[in-house]
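Let's take a tour of a protein model, one piece at a time. Have the sequence and the 3D view ready.

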Amino acid sequence: MPGFAAPPPHPSGATAPPIPSPFVPRHVAVVMDGNGRWANQRGLPRNEGHKAGEAALIEVMAGAIELGIPYVSAYAFSTENWKRSLDEVTFLMNYTADVMERQLPTFQEWGVRIRWAGRKPRLWRAVINRLEEAERATRDNDVVTLTMCVNYGGRAEIADAAAAIAADAKAGLLNPRSIDEATVQRYLDEPDLPDVDLFLRSSGEQRISNFLLWQSAYAELVFQDVLWPDVDRRTLWEAVEVYARRDRRYGGAVDRVAGPGASA
C-alpha cells in the first residue's frame with residue numbers, strides 16, 4: 001500500500017486467513033451491538049461500553065485492510081436511538097465527534113477514507129462539523145472507505161430519496177415513467193456506495209434494525225454471539241470465512257443432478 005502504513009499486527013500474532021480475492025466481500029455492513037450489555041455485565045454504566053467499543057471499530061478496520069475489503073459501513077447512531085435516555089444520547093453525540101477527531105491520525109496513516117450517511121436535521125452541529133471535516137481531510141485516501149452512519153435509518157433514507165424524486169418529477173426534471181431502481185440509487189445518501197455483500201451484527205441479536213435496507217437486498221447475514229467491545233479483527237475474519245462458504249445465487253438456481261450411484 002504505497003503511501004500508507006499497514007496496521008500493526010494483532011497482539012496474538014494472528015494473521016488474516018488466505019481467502020481468495022473473489023470470495024472477499026467488497027462491502028461489509030457492521031451493526032456494533034452489545035455495548036450496553038457489556039458494561040452492565042461488569043457493573044458499569046452503559047456509556048462505558050460505548051467507550052470500550054471504539055477499539056473494536058479500529059480493530060475491524062485493521063482487519064478489513066489486511067483482508068483487502070474496500071468498503072465498511074458502521075451503524076453508529078440510528079434514527080431510532082433518539083428514544084434512549086437524554087444522558088446516553090448526549091454522550092453518544094459528544095463521543096461520535098470525539099472519536100472522529102481522536103482517530104483521524106490513524107485513519108490518515110492507514111489510508112482510510114471517511115464518509116458520512118444520515119440525516120442532518122436534529123443531529124448536533126458539532127457532530128456534523130467533525131464528520132464533514134473527516135470527510136474533507138481523508139477524501140484522497142483510497143485503501144478502504146469507512147461510512148459512518150450517524151442519525152441514519154434505512155427507511156428514512158428511502159423515504160428521503162422518494163421525496164426528492166417526487167420533487168424533481170414535479171419540477172419536470174424527471175419523467176415518472178422512467179423511474180427505476182437505478183434512479184432510486186442515485187438519490188440515496190451515498191449513491192456510489194456498492195451493495196452490501198456481508199451484513200455483520202455482534203451481540204447475538206438476529207435482526208437488521210433498519211440498517212442499509214436498500215443496499216442489503218442480497219447481503220449475506222452473519223450474526224455473531226460476541227458483544228461489540230469484545231470484537232477484534234479475528235471476529236471479522238471469522239465472519240468473512242462464513243461468507244466465503246455461502247452460495248450466492250441472487251435469485252438464480254442451478255440443478256445439481258446426482259450422478260449414478262451418488263447418494264441423494
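## Starting at N47

Leaving aside its neighbours within four places in sequence, which residues is N47 in contact with? The model you're looking at is a predicted one, and in it N47 touches D87, E88 and F91.

N47 itself sits in helix α2. Is N47 buried or exposed? Its relative accessibility is 12%, and buried means under 20%, so N47 counts as buried. Now look for A16, which is 31 residues away from N47 along the chain: the C-alpha atoms of the two are separated by 31 Å.

## Where two helices meet

Two packed helices are described by the angle between their axes and the distance between the axes. The crossing of α2 and α7 is right-handed.

On the α2 side, the contact is made by E59, V60, A62, G63, A64, E66 and L67, while α7 brings R233, L236, W237 and V240. Sorted by class, the contact of α2 with α7 has seven nonpolar, one polar and three charged residues.

In soluble globular proteins, nonpolar side chains tend to be buried together. Here, the largest nonpolar core has 52 residues, and I69, V112, L146 and M148 have the most contacts inside it. Helix α3 (residues 86-110) gives this core its largest share, 11 residues.

Zoom in on I69: beyond its neighbours within four places in sequence, its contacts include A64, L236 and V240. There's also a second, separate core of 11 residues, with A29, V31, A117 and A219 among them.

Technical notes
Residues numbered from 1 in each chain as written. Predicted model: local features only at pLDDT ≥ 70, side-chain atom pairs only at ≥ 80, totals over all residues. Heavy atoms only, no water. Left-handed = near helix turned anticlockwise from the far one by under 90°. Helix = DSSP H or I, 4+ residues; strand = E, 2+ residues; numbered from the N terminus. Contact = heavy atoms within 4.5 Å. Nonpolar A, V, L, I, M, F, W, Y, C, P; charged D, E, K, R; others polar. Core = buried A, V, L, I, M, F, W, Y, C linked by side-chain atoms within 4.5 Å. Buried < 20%, exposed > 50% of the residue type's maximum accessible area, 1.4 Å probe, protein only.
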